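Subject: Structure handover and findings

Dear colleague,

Please find below the structure that I am handing over to you. My findings follow directly after it, grouped by region.

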Amino acid sequence: MELASYRLITTSHLDGCQQDNRIIFRYTIRRLHVCRVFGQMGLLFLSASLVMLFMGSLAQASSTTSDIPAALPLHSPIQKEILIVGSEQDYPPFATGMTDAEAGGFTVELWKAVAVEAGLSYIIRVKPFREVLQDFKEGRTDVVINLARSEERQQFADFTVPHVVVHGAIFVRKGESSIRTEDDLANKSIIVLHADLAHDYAVAKGWGPQLVLVDTTAEGFRLLASGKHDAILIGKLPGMQTVLALGLTDIEALKIRAGFAQKFGFAVHEGQSDLLEKINEGLAITKANGTYDVLYEDWFGLYEVKEVTLLDSFKYILPLMLVFIGIGGYFFYRRQDERREFTTKLQFITDHAPVLLAQCDKGKYYKFANKSYAGTFGLEPADLIGKHAREILGEESFAIALPYMEMALSGQSTIYDLKLPETSNGVSVGSVHYSPEYDKSGHVVGFIIAAISDIIERKKAEEMLRKLSQAIEQAGEAILITDLNGIIEYVNPAFSELTGYSRDEAIGKNSRMLHSGKQPASFYEKMWKTILSGNVWHGKVTDKKKDGTSYPVMETISPIKNELGEVTHFVGHQQDLSDNEELENKFYQAQKMEALGTLVGGIAHEFNNTLAGVTGNLYLAKRGASELPNVIEKLNTIEKLSFKSADLIKNLLSFARKGFVRKRSIEFSSFLKEIIKIHQISMPENIKLDLDLETDPESMIVNWDANLLQQVVMNLINNARDALKGIDKPLITIKLRKFFADAEFLTSHPESEADKFACLSIKDNGVGINAADLPHIFEPFYTTKEVGKGTGLGLSMVTGAIQTHQGYIDVESKGGEGSLFEVYLPLIEREEVTALSKQEELAEYEINETILLVDDESHILDVGKELLEALGYQVLVASDGLEAVEIFKANRDEVSIVITDIMMPKLGGVESVELIKQIRSDIKVIFTTGYNKEEELLGDIYTSEAIILYKPYDIDELRRTISSELAS
C-alpha cells in the first residue's frame, strides 16, 4: 500500500500528503506492457475513478498537517554505509564497459536509481562474471546487481524480486543445419560464459567436456564467428545486443527456446535482511515513480511488445484497486489519531533536539519555538508565540541579529557565531543560522532560526584541523592522499617541488604515474597487498619525476579508516633520499681512496727503494762508460724513465692524499706569475695566452705545499695546451680573482668552512670534453689522450692536492666548445711568508769526510757506498739501526754525518739517531725514505730541522745536501 500511495500522490501532484513511516505490507510490482485489448481511454477512466474515490480523504489528511512549520525536518535520514557492488564486464544491455569508470547498462543505471531511493552509498567494481561471483562468495563484494536466481545460488545469497526475466537462446552461424533442437547440442563445441547460469545448465545436461568458457559475450560471439565452434548458449537479449553491437550479420538465434530462463535480481549475502529490505524498497519506488519504465524502454528496445489479454490486465489492475481502497480506508479511519500522534512526535523531537529551533514571520514575530530555544530566555515555548524578536532578544542582541534576519527575509541563508554570556561553565559560543521560509508560490513568508548553543569544542576542533592542515601543507616531505584505487585526491606543496607535478596536474591521476620502472611488478603487488589489508607499508622506492628523471625516496603508505574500521583512503609520505645517496657515494669514494692510498703507499716504499738502486747504478755506469757516448745516451734515457716512474708514484700518492704535505704561506699572485713565466718558454708560439691577474699580493695569501701548488697549475695549463691542437686561433685565458662564497657556492659545497677564496680559472677554446667523459676526468688512469700521450694521473693528482688543502675544483665543458677549470683556494690572513725553497745553493765543500750509511736494502748499501766513495767520502755501512749504533760507538770521532733510512727492521732510523745523538749530540743527520708518509715517524722534534732525501734521489742533489749539512 505504501508504494501504491506513493505513486498515486506523485502522479496526482498531491503535495500536501504525508507518508507514514510504518510499512503495512509489501508486494512485488512487475512490468506491465500496454496491451491492445485495453486502450488508453480505458486506463485513463480507471485512474480518474480511483483518484476521485480518495481525493476527499487525502485532502483531509493533508489538512491535518497544514499548521506544522514547513521548513522543520520531519525525520532523520538513514545512516549510509559504503557498499562494494559487483557488475560483470560486457553483458549488454544489462552491463556494459570493461573498467569501473566505464560501468553502464540497464542494471547499473537501475542500481544507481535504487541506491538513491534507498539512501545507500557504494563503489562499483567491474570484473568478469566469474570474478564477480567469486568475490561475492568470498565476502569481498556486498551486492551483485545482475545475478540470476538458482537453487545453488540461494545457498549463499538472498535475492530481491526479479527486475527482468530473460529466456535462454541458442545462437549459431547462419546456414548451420546440424542443430535444430536443444538435443542436437550433444557432442557439439558449445561456448558459454564462465560461471553463468547457462554454464550451470550445460554442465547439468552433461555437456561439460565440450564447453568452451569465455569471460565476455563479445569474446564468445567472436569465437563463434571465427568458425572454430558450433554454438553459443546465452540469454537471448544479451546475445542479440552483442550481435548487433559487433555487426555480426552471419550469426542468428534459433527459434527454439533453450531450457533455462534467467530471473535477474539484486543479490546480497544470505541473512542480510535489512540491506535486502532497503534494496527492495528502492526497487519498488523506481517502479512506482516511472524510473524503471524509462530505463526499461532505453535498454530493452529489442524486445517485442508483449500481447496481454484482458484477463492478464485485470490480474494486475485488481491488486492496485484493492491497494487504493485500502489506502482510502486507512486515511479515513486514522486521520484523527495520526494528527495527534504526529503533533506529539514532532513536539517531542523538536523539544529534545540538541538544536535551538524557532520560526518567525516577516514581521519578526515568533510563530514557533522549541523548549530548548525558549529555555535560553527562561520561558516556555507558548510564552514566545506572537512576541516580537526584539522583546525576547533584547536591544543589543537584536541589533546584532537584525542584519542577518533581513538577509534571510531577502532569500539568503546566513550563519554567524555569537559569543553568549558567561555562565558557571565558562564562556560559550553559539552558531546561529537564519534560513528563509517559502510558501507554495515561492515567496518568502518568514525565516527559520536554528542555533547551536555551545560550539566551543567545534571551534577547538576547527583550530586543530587548521593546524594539522598547515602542518601537512608546510611539511618538508612530500605527502599525497589517494582513494582505494590509487587515484590522487590531495598533494602538498613539497610533493610538487619534489616531483615537478603541480597540484592540478596530480589530482585525479593514478599514483602509477610516479612509477619509474626500476621496481618489478611483484614489488607493487606486495605493497598493495599490505595496505589493502589495513597495514602500514614502509620501504625505499625509486620514483619518476615529471621530467622523466628518477629520484630515491623512503616512502610510508598508511591506510585511512572510517569509524567502522574500513579502509577508505591511503596517505603516502615520501622522504627524499637524494642527498643521503650522495653522501653514501662520497663515503664509498673515500673508502676507495683510503684503500688506494694504502696500496700505493705499500708499493711506493719498495718501488722507490728499487729505483734508488737503479739510479745509483746508472750513475756509476755512466762514469764507467764516459768514453762511450752512445751508451751514455741510453743510460740517460733509462735514468729519465726511472725518475719519471718515481714521479708517477708521487702523483698517485698525491691523488690518494697519502703524501706528506709541507704547507707554507704563499703569495699566490706572485707565485702564479713566476710559474706562468717559466711555462711560457715551452708554450707553442701560435697559442695566445691572455692573463688577467689580481695584483694585490696582500689579498692573495694561501696556505699550500709549494711543490703541489706548482704541479696543480702546471697540469691545468698543460691540459689546456694539449686541448688546442688543430684549433684555429688557439687561446688560453688565465684569471685570478678574489671570490667571496655566496649562497649558490655554499649550497653546492656544503662542507666548506671558508668564505674567502682565491679563484684561479684556466679556460681554453679547444676540443672540449664529451658529456660521457666529463664525470670520469678526475679518476686515476682515465685519459682521453692518445696512447702514450698521457698517464691519466694529471687531473687525479690535481683534485687530490686541492682536496688536501680544503679547496675545490669545478669544470664546465662541452665537446667542441672548450673547457673552463676553476680552482678555489681558501685565503688566509697575511703573515710572514716563507721562502719557497728551503735549501740554498752552496759552494763545493772539502771532501775526505767519513759517512755512516744505514739501510736495510743490501743493494742500496752497495751502490750507495760505491757512489759516496766515488764522490771522495770514506764510508761505513750498517744494515739496521742497532748495527748503526754499534758502529757509531766504535767510530764516534771519525764519523762526520749519518745517512739513514727511516723504516728499518730491529731498530728504525729515528730511534737509532736518538741513541746516536746521546753519544754525540752534534752529529749531522740526513734521513732517506722511499715513501714520504714515513716522515710522520720523525715526530714533532724533527719536523722543523730534519733533512730528508726522497728515493730515488739525484746524485747531484745527494752531493749538494751532504755538502750543505757539513758546511752548516
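What covers the buried residues of helix 7? The model is a predicted one, and in it the cover of these residues includes strand 5 (164-173), helix 6 (217-225), strand 8 (231-235), strand 9 (251-269) and helix 9. The buried residues of helix 7, which spans residues 236-246, are L237, P238, G239, Q241, T242 and V243. After helix 7 comes G247, which has a positive phi near 70°.

For the chain as a whole, the assignment gives 29 helices and 31 strands. Of the 968 residues in the chain, 43% are buried. Among contacts between residues at least 6 apart in sequence, 66% join residues that are at least 24 apart.

Strand 24 (residues 756-764) and strand 26 (residues 819-826) run antiparallel and are joined by eight bridges. Within this pairing, K763 has L820 as its bridge partner in strand 26, and S761 has E822. Strand 24 also pairs with strand 23, again in the antiparallel sense, over nine bridges; there, I734 stands opposite I762 of strand 24. Seven of the nine residues of strand 24 are buried, so this strand is largely enclosed by the rest of the structure.

Aromatic pairs and a charge over a ring

A pair of aromatic rings is described by the distance of the centres and the angle of the planes. The model contains 26 aromatic pairs. In the pair of F106 and Y296, the ring centres are 6.3 Å apart and the planes stand at 85°, so the pair is edge-to-face. This pair links distant parts of the chain, since F106 belongs to helix 3 (residues 106-118) and Y296 to helix 9 (residues 291-299), 190 residues apart. F106 and Y296 are both buried.

A second pair, F745 and Y824, is tilted, with 5.0 Å from centre to centre and 55° between the planes. F745 lies in helix 23 (residues 743-748) and Y824 in strand 26, so the pair ties together parts that are 79 residues apart in sequence. Both F745 and Y824 are buried. They also belong to one aromatic cluster, formed by F739, F745, F757, Y808 and Y824.

Elsewhere, the charged end of K287 sits over the ring of Y292, at 5.2 Å from the ring centre.

T499 is in helix 16, which covers residues 493-499. Is T499 buried or exposed? Its relative accessible area is 2%, which is under the 20% limit, so T499 counts as buried. The side chain of T499 makes two polar contacts with backbone atoms: one to the oxygen of F495 at 2.8 Å, and one to the nitrogen of Y501 at 3.2 Å. Leaving aside residues up to four places away in sequence, T499 touches L514, K545, K546 and Y551.

Yours sincerely,
A colleague

Technical notes: Residues numbered from 1 in each chain as written. Predicted model: local features only at pLDDT ≥ 70, side-chain atom pairs only at ≥ 80, totals over all residues. Heavy atoms only, no water. Pairing = 2+ DSSP bridges. Helix = DSSP H or I, 4+ residues; strand = E, 2+ residues; numbered from the N terminus. Phe/Tyr/Trp six-rings, centres within 6.5 Å; stacked < 30°, edge-to-face > 60°. Buried < 20%, exposed > 50% of the residue type's maximum accessible area, 1.4 Å probe, protein only. Lys NZ or Arg CZ within 6 Å of the ring centre and 35° of its normal. Contact = heavy atoms within 4.5 Å. Polar contact = N/O pair within 3.5 Å; in protein donor to acceptor, adjacent residues only side chain to side chain.
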